[in-house]
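Good morning, and thank you for coming.

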Amino acid sequence: MFKTVVVMLAAVTAGTIGDLLLASGMKELGDISTMNLRGILRVAVQALTTPKLVFGTAMLAVFFFLWLAVLSWEDLSVALPMQALNYILVAFLSQYFLHEVVSPLRWAGTVLVAIGVIMITKSSGA
């Protein structure tokens with residue numbers, strides 16, 4: 001179980017960094033929902049060369065391969081809830097790096113997620 005926790009912490013950290021970089025990079029490129037097809041294609045080409053998006057995608061690839069490793073030895077019913085640690089990290093890091101406002105209700109939900117992850121992780125050692 002220790003191996004699972006360590007690898008999942010590394011995977012979730014990589015995934016969270018990837019998500020933050022993708023969000024930040026896409027906000028810099030602009031809202032594509034208001035663009036026409038030409039604008040969307042221009043942004044797609046830009047995305048391939050934007051360092052934040054390239055590095056963010058690489059971090060998500062790291063997450064994916066660590067996730068595959070965990071699935072090779074751990075029960076899915078234990079491993080999958082551990083991915084919810086991503087919600088906790090995102091709440092903390094989005095405030096500081098993306099300057100998002102996390103409401104008290106979101107913090108309450110984040111605490112409940114953390115409690116659920118702890119309960120599931122402990123149940124696997126029983």
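Before I quote the record, please note that UniProt positions are given here in the numbering used for this structure, that feature names are shortened, and that annotations may be inferred rather than shown by experiment. The model is a predicted one, in which local features need pLDDT of at least 70 and side-chain atom pairs count only at pLDDT 80 or more, while totals for chains, interfaces and linings use all residues. Residues are numbered from 1 along each chain as its sequence is written, and side-chain values use heavy atoms, with hydrogens and water left out.

In an unreviewed entry, UniProt places the feature "transmembrane region" at residues 53–71, 78–98 and 104–121. The unreviewed entry also lists "domain: EamA" for residues 53–121. Helices, and likewise strands, are DSSP runs numbered from the N terminus (H or I, at least four residues, for helices; E, at least two, for strands). On that basis, residues 53–121 are 83% helix and 0% strand, and their end C-alpha atoms lie 32 Å apart. For residues 53–71 the figures are 100% helix and 0% strand, with 27 Å between the end C-alpha atoms.

Let me turn to the start of the chain. Helix α1 covers residues 2–29, 28 residues in total, and spans 41 Å from its first C-alpha to its last, close to the 40 Å expected at 1.5 Å a residue. That expected span is 1.5 Å times one less than the number of residues. Just after α1, Gly30 has a positive phi of about 110°.

What joins Lys52 and Glu28? Their side chains meet in a salt bridge, at 2.5 Å from N to O. The term requires a side-chain nitrogen of Lys or Arg within 4 Å of a carboxyl oxygen of Asp or Glu. This pair links distant parts of the chain, with Lys52 in helix α3 and Glu28 in helix α1, 24 residues apart. Glu28 counts as exposed because its relative accessibility is 52%, and Lys52 is partly exposed at 29%; buried means under 20% relative accessible area, exposed over 50%, and partly exposed in between, with a 1.4 Å probe and protein chains only.

Finally, the surface. Phe64, Phe65, Leu68, Leu71, Leu76 and Leu80 form a nonpolar patch with about 570 Å² of accessible area together. Helices α3 (51–71) and α4 (76–82) each give two or more residues to this patch. Patch members have over 30% relative accessible area and no salt bridge, and nonpolar side chains (Val, Leu, Ile, Met, Phe, Trp, Tyr) are joined within 5 Å.

Technical notes
Patch = residues over 30% accessible without salt bridge, like charges linked within 9 Å, V, L, I, M, F, W, Y side chains within 5 Å. Areas by Shrake-Rupley, 256 points an atom, 1.4 Å probe, with all protein chains shown as cover.
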